[in-house]
Amino acid sequence: MWWRRYWPESLIIILFIVLEGSKRFWDTNASSPLKGVGWTSQRKWAAREKTRELWYHGFDNYMEHAFPMDELTPLTCGGQGPDWANPQNIASNDVAGNFSLTLIDVLDTLVVLDDRHGFESAVKNVINHVSFDVNTKPQVFETTIRVLGGLLSGHIFANKTGQPFYLPWYHGELLELAHDLGRRLLPAFATPTGLPYARINLRHGIMKGETHETCTAGAGSLILEFATLSRLTGDDRFEKVAYKAFFGIWNRKSEIGLVGNTINTRTGAWTRPEITGIGAGIDSFYEYALKWYIMSGEMEFLDVWDDAYAAIMRYSRATDGFWYRTVNMNSGDVAYFTVDSLSAFWPGLQVLAGDIQSAIRLHLMYYNLWRIHSGLPEVYDTNFKQATSHQYPLRPEFVESTWYLYRATRDPFYLDVGERVLFDLITRTKVDCGLTGIQDLRTNKRDDRMESFALSETLKYLFLLFDEGNPLHSDDSNYVFTTEGHILTLDSKYLKPMSAARKKMRSIDNHQCPPYIPFVLVNSDRDTTGLTLGIRSRPDVDYSRELLGMPPSQSDKNSWSPNGWCEKPKVDLFSYDFILSSDGKIVPEDLSPSLLKLGILPDGFVIHNVTGIRTHIVRRLDGKGYDIRKCKLGHYAVRPGHLVYINDTTLFSEEGKGANKLRRDPEVQLRFYHNIVDPMFNIQGATPDVIGHAETLVIGYTASFGGDLSSKPSPSREPLRFRKKHGLPIYHDQNNSLGCRPFNQSYPDSALLIYRGDCTFLEKLLHAKSASAAGIIVISDEDTPINPSANAEEIMAAGDLNDVAIVLLPRQAGEQVEEMMKLAVGQGMGRVMVELDQVEQEDTASPSPEPVQKNSDIHRILYLNGHPLLNTRLLI
């Protein structure tokens, strides 16, 4: 054979192919623009199996060298439990309670790995070896999330028939252990506030001299496990104490809606420095508000999540939308510029809540931090752009968010990220006797400890990332992952029906869970090309890298496009407060409006007089506008599903002589037609559909500023140019389609057709006025009727606008006008004209189309400072 003759060369070629193949699989730079096309089923399978192999390397070594102790010590090939010699060593004693912590914590990971034999063996080991009659003092929170949660999840799978992990011989032993543990934790809640002590001795209860200080996460993140225990055992004590503790935290929020980090369990007072954020000490409080609602359907927890999220997005989120700072809970002022690794869970929670775009931005920051350090440092200073604590104890939060984002977007970028994480874990943390945490990411100095969450969370989420066919991905039940990664769910028989009182107040829920919309390439005319691009093609990708002072890698440069750009993000306010007034002037807040001013309806509220009503405006997650929410309508709050009806007739009025006011109609009827210059047009082969586009009537929506299109002509004042009897010609400037820049030419006595977006309606009108136009016709990007508005100061600064008018067309009506504009160019049908379809007009030379019928399903809404308030309804 020829290869025998050339065997040295053949060997070199084979060796090269093997090395290159390995290099391709383990290319740790997740920035390559070619990676997205390479994620075949085989590649995902290979990554999944490497993750499985790594997990069993840690678990098998724990069982061999450490069990029945709590944790594996991988460098010394041993095990450890509580630090009996030093009770003050809370880093160890808060989690190690001498109850085989790691084994309990990984029970449902064996389910995720589809290891029935391993699951059954682990359940038997827990039943035979674990007892909670131990003289140890672990933390209530850590014991709840790691041990109680692990037992409950294991019980749910072992006890449920009709699925592979049902154990016929099992008779609720794990639930009995959980019940015993729950009873031993109950004395921690015996405080004047109902907020639990941070630690408790499992044999003797609360020890003398125990500290009264605890954190928000520790006291308020127990409802998932405690309520599940109550529902499964019928012992309601656990759910009651957890419920009281949760709202004991929430009801002590500040005036701006923020909860602090640490609190005194005896007095209920927040302890200094009274700061808050999304990281350590507070993180899972928000998580459990949303997840317990998902599990139980109890609306009050969704209300807490909605309000808390709005406050965090208003005060903690940086102005560019990429960082979440630690702030003062009372003022919202920035307290520290550091972020911790625990806050990397937040993008995953945002995905679960439906705010995917915000999740993508924050995740990019943590991803670049990982790229810099090959791990996620415990603390990073965003001001000095350097890590201040370089440990990485195998935390799961970043991987968890990566999994959530991949499931939501299906963008292969997140598989690349997971592959990079897997490579770093294998090369940096795998040792002969298991997996080790890293004390210093700069030197790779290792820690002789394998935290239980490395197996219960980190590698679980990493495995799920690559395991496309995992049954959990097609499970549409109410299951959630706890903050320790345990799978909890409740069958319908354990769910409580909504009370009649709550059902009356919340008959409708309005959830916003918009689908992910990827970045779409647009051309210079702002028209979409139809080319859908991935995460790496976002214009803010390089911005997120530059924020960390990270130079671009060669793979980053390879993904650059000659037509690309680096965008400095600008995000709108997520929420703000506004005191309403009918004339735009500043008025004092009405702290107690009467029923004559505000009324209660079955589906919300009606406001008969808006003056002095404080509203809390919150951006909708679907990007379509804002809602009035958590609104202080007297003593009431607007919730998802509620509508706010506006019945104040003074909203559309302007000052007249003396005390008289002329009402401004919120809508007008417009006639669009072609001013055909060729008299032979109708016999030159025009098709019926073309002729049908020669004329149309549509409803347009007027503004609260500019010329009043609804006013009647009067000899005493100059007629409004937009009301010209024979109509106005319409022009569209392709180079200034949004009307947000000065126009390069004059358009005297014409109407300019422009599009909504990028600047305010008032700015668009001012540019049109400078171009001598009679007004503007704005085509909206949605079908919701909108009446443009501006505040009194802006209108006053703009000067006299009585000779120019603005009218807004909903999207569908705008598309009709666009079609007419295209025909004017393509079919030689002359200039498109617009005129008000006025009843008093006596010109009947040409017949008009049938009056347009208003769609009764289209609701008119309030438009405040350029923001549509979609849960409002105008009755006037």
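Predicted model: local features only at pLDDT ≥ 70, side-chain atom pairs only at ≥ 80, totals over all residues.
Residues are numbered from 1 along each chain as its sequence is written, and side-chain values use heavy atoms, with hydrogens and water left out.

**View 1. The protein as a whole.** The protein has 26 helices and 36 strands. Both are DSSP runs numbered from the N terminus: H or I with at least four residues for helices, E with at least two for strands. Of the 876 residues, 57% are buried; buried means under 20% relative accessible area, exposed means over 50%, and partly exposed is in between (1.4 Å probe, protein chains only). Among contacts with a separation of 6 or more, 72% are between residues 24 or more positions apart, where contact means heavy atoms within 4.5 Å.

**View 2. W305 in the largest nonpolar core.** This core has 166 residues, and Y286, W305 and W346 touch the most other members. Helix α14 (residues 299-315) supplies the largest share of the core, 12 residues. The term nonpolar core stands for a set of buried Ala, Val, Leu, Ile, Met, Phe, Trp, Tyr and Cys residues joined through side-chain atoms within 4.5 Å. Zoom in on W305 and, leaving aside its neighbours within four places in sequence, you find it in contact with Y286, A289, L290, W346, L349 and A353. As general background, nonpolar side chains tend to be buried together in soluble globular proteins.

**View 3. Helix α12 against helix α14.** Helix α12 (residues 237-250) packs on α14 at an angle of about 30°, with the axes 12 Å apart. That makes α12 roughly parallel to α14. The axes here are lines fitted to C-alpha atoms, for helices over the stretch in contact, and angles run from 0 to 180 degrees between N-to-C directions. Angles under 35 degrees count as roughly parallel, over 145 as roughly antiparallel, 65 to 115 as roughly perpendicular, and the rest as oblique. α12 passes α14 in a left-handed crossing. On the α12 side the contact is made by Y243, F246, F247 and W250, and on the α14 side by E300, F301, V304, D307 and A308. Sorted by class, the contact of α12 with α14 has seven nonpolar, no polar and two charged residues. For the classes, Ala, Val, Leu, Ile, Met, Phe, Trp, Tyr, Cys and Pro count as nonpolar, Asp, Glu, Lys and Arg as charged, and the others, Gly among them, as polar. As for handedness, a crossing is left-handed if the near helix is turned anticlockwise from the far one by less than a right angle, and right-handed if clockwise.

**View 4. Helix α17 with helix α19.** The axes of α17 (residues 397-409) and α19 (residues 453-466) come within 8 Å and cross at roughly 25°. That makes α17 roughly parallel to α19. This crossing of α17 and α19 is left-handed. From α17, V399, E400, T402, W403 and Y406 meet T458, Y461, L462, L464 and L465 of α19. Seven nonpolar, two polar and one charged residue make up the contact of α17 with α19.

**View 5. H212 and its contacts.** H212 is in the loop between α9 (173-185) and β3 (213-215). With a relative accessible area of 27%, H212 is partly exposed. Not counting residues up to four places away in sequence, H212 touches Y197, I263, N264, T265 and R266.

View 6. A cis peptide bond joins F67 and P68, with omega about 15°, and P68 is placed in the loop between α3 (41-65) and β1 (71-73). Another cis bond runs from R272 to P273, with omega near 10°; P273 is in the loop between β4 (262-264) and β5 (275-276). E274 counts as partly exposed, at 27% relative accessibility.
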